[in-house]
Amino acid sequence: MHQEIITRFNSLKEKQLSIDITRGKPNKDQLDLSNELLSAPVETKASDGSDIRNYGEPWGISEARELGAALLDSPVKSTIAAEQSSLLLSYQLLLASYLYGINGTAWKDIENPKFICPTPGFDRHFRMLDELGIEMLSVPLMGDGVDVDSLEKLLAQNSDIVGFICVPRHSNPSGDVYSDENLLNIFKICSEYSNDLIFLFDHAYLIHDFPSAPIQTPIWSLAKDSNVLNQTAILTSFSKVTFGGGGLSFFAGGEGTLSLLKKIRTSMIICPDKVNQLRHVNFLKNKDNISRHMAKHAEIIQPKFELTQSILKEIPEECGTYSTPSGGYFITYRTAKPIASRVIELCKEAGILITPAGATYPYGLDPKDSVIRLAPTFVSATELEEAMNIFSLSVQIAHFNIDI
Ligand SMILES: Cc1ncc(COP(=O)(O)O)c(C=O)c1O
């Protein structure tokens with residue numbers, strides 16, 4: 001058996017492949033779904049008569065805010081439509097909290113501010129927090145949200161926890177869809193700990209469902225019922241709806257987070273790109289139409305997930321386990337032994353680039369060296385198959401410690 005693995009790996013290596021499955025980017029076919037945006041004419045005025053070519057409407061044109069509010073189930077007055085990056089909005093909120101603080105306690109004046117980070121998670125979240133000198137405390141994800149016992153323990157053991165950041169639907173990279181119960185528990189436990197603690201929900205994959213995706217009560221309404229709107233921020237964008245980095249971003253928050261964001265944005269930007277906002281509203285129209293558009297994305301993405309999983313299924317079970325998400329952009333493979341780094345190194349030797357081991361943990365440190373993030377969307381099905389065959393062999397080579 002080992003000889004066959006060696007022979008197959010070496011022959012694939014000889015092909016000198018160069019395939020990059022490091023990042024969750026839309027594929028060309030997905031981008032083509034929105035080509036109409038490239039040539040659609042746009043009026044010069046928004047529905048309220050404001051000239052979209054000029055400065056003004058710092059929180060976005062009303063029809064874009066209405067669209068964002070419909071997606072986030074938030075009131076229009078609590079919803080901002082911004083420019084092309086929700087990550088930028090997240091950073092702006094963190095920075096405003098750092099400078100001013102939600103209830104007047106600026107994080108910069110706290111000796112050792114800390115954040116709760118469900119793991120595995122999104123490397124850019126960790127990067128932002130690290131840049132602001134915020135200590136990151138990991139809490140494990142369980143498939144339907146965080147491990148509540150671990151969360152309680154962390155809160156009991158630590159002072160100065162100032163925030164909680166997560167991707168509540170089709171989490172990057174684990175695919176967790178947080179259950180309502182989990183979200184309500186998080187709200188309860190964390191708000192009992194502090195009313196100054198910010199809940200930052202990066203809803204990057206809010207509408208990126210496969211048909212089997214479970215229903216989730218909107219975060220806005222759960223936060224409202226839990227009486228934590230003041231400390232809650234919910235963000236999403238059209239980066240993976242229309243064009244990567246070329247869509248719109250949205251923010252919904254209660255008075256506390258909303259006023260922080262408005263304050264920092266007033267210093268940073270006079271107004272967002274309203275021409276792109278109107279173009280997107282004309283193209284996407286309303287929530288129902290967006291759902292139909294997203295179903296077309298799913299038709300392109302889901303077969304790639306299935307292809308990936310069909311190859312992962314062939315890896316002997318003792319080597320590890322893999323996720324079967326109901327949407328989003330990632331599949332995770334967890335090795336049974338601490339060999340994720342070795343697997344990724346072997347893939348690299350054979351021309352397959354995978355997100356570096358540890359990237360899905362704060363400080364780049366996966367304590368078990370086990371989680372591997374696979375991003376199947378960007379490459380063609382043929383490339384994906386080649387990449388996954390090499391991945392499968394690499395896992396086995398590392399697991400069985402085969403000399404090659
Ligand atoms: C969890 C998460 N948040 C944010 C982003 C980036 O979103 P945007 O393009 O709106 O900044 C990504 C992109 O990969 C993501 O996975």
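Which residues are the closest to the ligand? In this predicted model, the ligand is surrounded by 13 residues, of which Ser86, Leu87, Ala204, Ser237 and Ser239 are the closest. Sorted by class, the shell around the ligand comprises 8 polar and 4 nonpolar residues, together with 1 charged residue.

The chain is divided into two parts, with domain 1 made up of residues 2-24 + 290-399 and domain 2 spanning residues 38-284. The centres of domain 1 and domain 2, taken over C-alpha atoms, are separated by 29 Å, and contact between them involves 22 residues of domain 1 and 25 residues of domain 2. On the side of domain 1 that touches domain 2, helix H12 (287-312) and strand E12 (371-374) each supply at least two residues, and H12 gives the most, with 7 residues. By class, this side of domain 1 has 11 polar and 10 nonpolar residues, as well as 1 charged residue.

Within helix H11, which covers residues 274-284, lies Gln277. Gln277 is classed as buried because 28 other C-beta atoms lie within 10 Å, where the cut-off for a buried residue is 20 or more. When neighbours within four places in sequence are left aside, Gln277 is in contact with Gly60, Ile61, Ala64, Ala81, Leu248 and Pro272. As for Ser50, it is 227 residues apart from Gln277 in sequence, while the two are 13 Å apart in space, C-alpha to C-alpha.

Technical notes: Residues numbered from 1 in each chain as written. Predicted model: local features only at pLDDT ≥ 70, side-chain atom pairs only at ≥ 80, totals over all residues. Domains from an automatic or database assignment. Contact = placed C-beta atoms within 7 Å. Helix = DSSP H or I, 4+ residues; strand = E, 2+ residues; numbered from the N terminus. Nonpolar A, V, L, I, M, F, W, Y, C, P; charged D, E, K, R; others polar. Near = placed C-beta within 6 Å. Buried ≥ 20, exposed ≤ 12 C-beta atoms within 10 Å, placed from the backbone.
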